[in-house]
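Work through these exercises with the model open beside you. Try each task before you read its solution.

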Amino acid sequence: MALTLYVDTARWRAHHKHVQDQFPGLVPVCKGNGYGFGHERLAEEATRLGSDILAVGTTYEAARIKDFFGGDLLVLTPYRRGEEPVPLPDRVIRSVSSIDGVYGLVGARVVIEVMSSMKRHGISEQDLAQLHAAIENVRLEGFAIHLPLDRTDGSDAVEEVIGWMDRLRAARLPLHTMFVSHLKADELARLQQQFPQTRFRARIGTRLWLGDHEATEYRGAVLDVTRVAKGERFGYRQQKAASDGFLVVVAGGTSHGVGLEAPKALHGVMPRAKGVARAGLATVNRNLSPFVWGGKQRWFAEPPHMQVSILFVPSDAPEPKVGEELVAHLRHTTTQFDRLMDR
């Protein structure tokens, strides 16, 4: 009995092809937990797409993925002097976001990140004068800019990239390749038209692997069902059942990522109100689970265990049967499945 990720493979791959057609020169991104699919599977899918390069998060990920993908590997985390050395093949390209970092990678293949309005990392405009000397001893694969997802100030992503293109050109730096993130297809086309001598390559992860929500589905198998009466005690903490119903033990616990949730940026009154309501219910041990039964998300009977969750299903709902599966609304980037099934 398992927490299973079901993939409508034909539909999933059709979506990949659609994104690839929109973004010529696409660089697939495979980082973290492989967007819920795992590194090996995404390396296989990138190969199927004919990608010559795959972006990964860290050197440790590059060391694992190198045996599954035969093309170049672009490490997105910038190099820092003093980092733990990880043995990597020459086909690995390092990102660099400082002049010192460039000097620390003599002979290496590098992509130089520029500082965007994200203000996360990148070289500044003031650094450009020093880059000429710094890049003499590395193999420059191009520049890169990582853009924000939202632009609440109404600014234009294309104009931000153009601003950096103009600065790099004015500094007489090579502009054969620019790696970009979080641009729309029409925005990328505008840039390519304005700078025909530069190859723009979109690094895409979420939109590529998770853009079609209907192509994937998590399901947890029912392991046990126990009828309880109002007032009966149960579980680790021996709390009382609030009403008659069923305790449903389902595959999927904290080791799978069930019960874990990344913080979300809330916009508007209604989402904030719902957030406050959820927090209030949590203070009285009322937490909504990601599992669905009888058309409704069901409440945790108690906090999820390591490999299973115990749900409370009221007596007015159908009784689940051992071996049935419950759909689970889980975030791919924080979930670890027991098995992946293509269908």
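Helices (H or I, at least four residues) and strands (E, at least two) are DSSP runs, numbered from the N terminus. This is a predicted model: local features need pLDDT of at least 70, side-chain atom pairs count only at pLDDT 80 or more, and totals for chains, interfaces and linings use all residues. Residues are numbered from 1 along each chain as its sequence is written, and side-chain values use heavy atoms, with hydrogens and water left out.

**Exercise 1. Find the strand that holds Ile310, then decide whether Ile310 is buried or exposed.**

Step 1. Ile310 sits in strand E16, residues 308–314.

Step 2. Apply the cut-offs: buried means under 20% relative accessible area, exposed over 50%, partly exposed in between (1.4 Å probe, protein chains only). Ile310 has 12% relative accessibility, so it counts as buried.

Step 3. Look for its partners. Contact means heavy atoms within 4.5 Å. Leaving aside residues up to four places away in sequence, Ile310 touches residues including Leu247, Val249 and Phe300.

Step 4. Check one pair. Ile310 and Leu247 are 63 residues apart along the chain, and 6.3 Å separates their C-alpha atoms.

**Exercise 2. Describe the surroundings of Arg203.**

Step 1. Arg203 belongs to strand E9.

Step 2. Its relative accessible area is 7%, so Arg203 is buried.

Step 3. Search for a polar contact: a pair of N or O atoms within 3.5 Å; within protein, one must be able to donate a hydrogen and the other to accept it, and residues adjacent in sequence count only if both atoms are side-chain atoms. The side chains of Arg203 and Ser181 form one, at 3.1 Å.

Step 4. Beyond residues up to four places away in sequence, Arg203 also touches others, among them Val27, Leu74, Glu113 and His146.
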